Amino acid sequence: MPGSDVGRAASFGRVGRRWLYLVHRWVGIASCLFFAMWFLSGLVMLYVPYPSLTPAETLAQVEPIDWRAANVPPPIDGGHLPQELLLGMRDGVPVWRIERWEGDRRTVAADAGALLAPVDAAYATRVASRFGRATSAQVERIVRDQWTVSGGFDRHRPLWKVTLADRTGTQLYVSSSTGGIVQSTTRSERVWNWLGSVPHWLYPTILRQDNSAWRQVVMWVSGPCIAAAVAGMWIGILRTRTGSRRFKGGRMTPYRGWMLWHHVAGLVGGGFLIAWIVSGWLSVDPWHLFHSAEPDAAAVRAYAASDAMPLVPLDRLRAAGSGAVRARLIDNAHTPLVLLESADGKRTILGATTLAPARPSTPAIVAAARRLQHGATLIALERLTAPDAYWYEPGGKPRLPILRLRFDDPPATWLYIDPQTGEVLATIDRRRRAYRWAFDLLHKWDLNVLTLHRPLWDLLLWLFSIVGLVTSVSGIWLGWKRLRRG
């Protein structure tokens, strides 16, 4: 019996090893093509990210508020703030932009004598030309295209796409619901993203417009690539001899030529390659492993709009808000405020009644945050003056200082709160912290010690990518030779 057990074990081992080689050989032929594409496109993405219109870019281009024309007081129903209430400009007219807690949005004129123009082609042309400081060359109405395919643009569809007659080939997208600019791309960004983000994320419009289908494709493409990479790493270790068991001539590997490059590069960079492909697979959160429960809507509303908002004196706000491009009314932690933002990003925070500089007190923020977390015990309150592992911005610094409140509730929630306004800027629980390490770190290697000391980060990613490219390109060549023979 013992002998037969040993025989069966040996037979099973031979069958397992054969399947190991078959998986790596045949699945690896296709997976190496994907790996090479991902490494090359990832290097492009280091320097040309996917196009987006940042808040800072928007503030820098929009019109200053025409305070002389703003004579309609804030439209506050029932005395309590909606989810968002801000004063800005729309095609030369001051307007109040309102987002209610129920989710509906509307825009009303802040000038009692003004009528809001419809969002048509002429409107889009005027707004885009003013924003981009250039004349319009073409305007068209679209539902979506490659640069507006994500779900974040759904509430703005259909869109007006305006091509400007400038040197950079700028295209601006105007929301049909708000009338504002919601996306901006240049010719250079579009070209480089066809070599970067689009192939890297498997992001063509025809696929990405169906989020469920896109997620399935990412998972089912990444899965076999993971299997091929793990099998290759295993084979690489099996075919390496050290110490006194080396191959002829004292060699650690039996291979030569392209197989030698593939073996050595795979051994050196295989761990990083596996980490990259596994983290890329995790990016779409398979089986919702990192899904966090939505914050309690009633608690959030109580934190941000629990008080009756006092009447803001517009006549006095005109002087305080001179030069501002946006004014927001907020009421976090029982502290009604007016937040004025200028084109250069400078913020002025005033009490809603006095219009004197004001801010919520730390005890008020802590008390309101406890209620937001349903009375959970606060186990740590820290004032961060430098980024931490979860509050950071690759290549720069996030808003600082920031309050970090840690609670002992079941999800182990951390709140990041702006001490100047009381706004909760991020809510991160145990699952989101795990996702930060499982995806962001293993895929982007975006530790502050690296991203804040470039080109250290660039050198590390270039090194990993070159090793990965050697592994991938050699695998493609070896697979091509085998296919030609077979």
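Helices here are DSSP runs of H or I with at least four residues, strands are DSSP runs of E with at least two, and both are numbered from the N terminus.

## Basis of the model

This is a predicted model, in which local features need pLDDT of at least 70 and side-chain atom pairs count only at pLDDT 80 or more, while totals for chains, interfaces and linings use all residues. Residues are numbered from 1 along each chain as its sequence is written, and side-chain values use heavy atoms, with hydrogens and water left out.

## N448 in helix α13

N448 lies in helix α13, which covers residues 448-451. Buried means under 20% relative accessible area, exposed means over 50%, and partly exposed is in between (1.4 Å probe, protein chains only). N448 has a relative accessible area of 17%, so N448 counts as buried.

Contact means heavy atoms within 4.5 Å. Leaving aside residues up to four places away in sequence, N448 touches P387, D388, A389, Y392 and H453.

Two strands pair if DSSP finds at least two bridges between them. Strand β4 (residues 136-142) runs antiparallel to β5 and is joined to it by 6 bridges; E140 has K161 in β5 as its bridge partner. Strand β6 (residues 171-175) is also antiparallel to β5, with 5 bridges between the two. Here W160 is partnered by V174 in β6. β5 and β6 form a hairpin with 6 residues between them, and G169 in the turn has a positive phi of about 65°.

## The four-strand sheet

An open sheet of 4 strands has the order β11-β12-β13-β14, and the pairing is antiparallel. Its edge strands are β11 (378-384) and β14 (424-428), each of which pairs on one side only. From one strand to the next, the twist averages 15°, where axes are lines fitted to C-alpha atoms (for helices over the stretch in contact) and angles run from 0 to 180 degrees between N-to-C directions.

β11 pairs with strand β12 (residues 402-407) over 6 bridges in the antiparallel sense. Within this pairing, the partner of A380 in β12 is R406.

## Salt bridges

Side chains of opposite charge can pair when their charged atoms come close. A salt bridge is a side-chain nitrogen of Lys or Arg within 4 Å of a carboxyl oxygen of Asp or Glu. The structure holds 20 salt bridges.

One of them joins K161 to D145, with the closest N and O atoms 3.5 Å apart. This pair links distant parts of the chain: K161 is in strand β5, D145 is in the loop between β4 and β5, and they are 16 residues apart. Both K161 and D145 are buried. Another salt bridge joins D154 to R157, with the closest N and O atoms at 2.9 Å. D154 is partly exposed at 44% relative accessibility, whereas R157 is buried with a relative accessible area of 15%.

K444 and D440 form a salt bridge in which the closest N and O atoms are 3.2 Å apart. The two residues are separated by about one helical turn because they are 4 residues apart in helix α12 (residues 430-444). K444 is partly exposed at 34% relative accessibility, and D440 is buried at 12%. Elsewhere, salt bridges that share partners join E63, D91, R126 and R130 into one network.

## Surface features

W258, V473, W477 and W480 make a nonpolar surface patch of about 420 Å². Patches are made of residues with over 30% relative accessible area and no salt bridge; like charges are joined within 9 Å, and nonpolar side chains (Val, Leu, Ile, Met, Phe, Trp, Tyr) within 5 Å. Accessible areas come from the Shrake-Rupley method with a 1.4 Å probe, and for residues only the protein chains shown count as cover. Helix α14 (residues 456-485) gives the most to this patch, with 3 residues. V473 is in helix α14 and is partly exposed at 41% relative accessibility.

S322 is in the loop between α10 (314-320) and β8 (326-332). With 61% relative accessibility, S322 counts as exposed. S322 and L340 are 18 residues apart along the chain, and their C-alpha atoms are separated by 9.4 Å.
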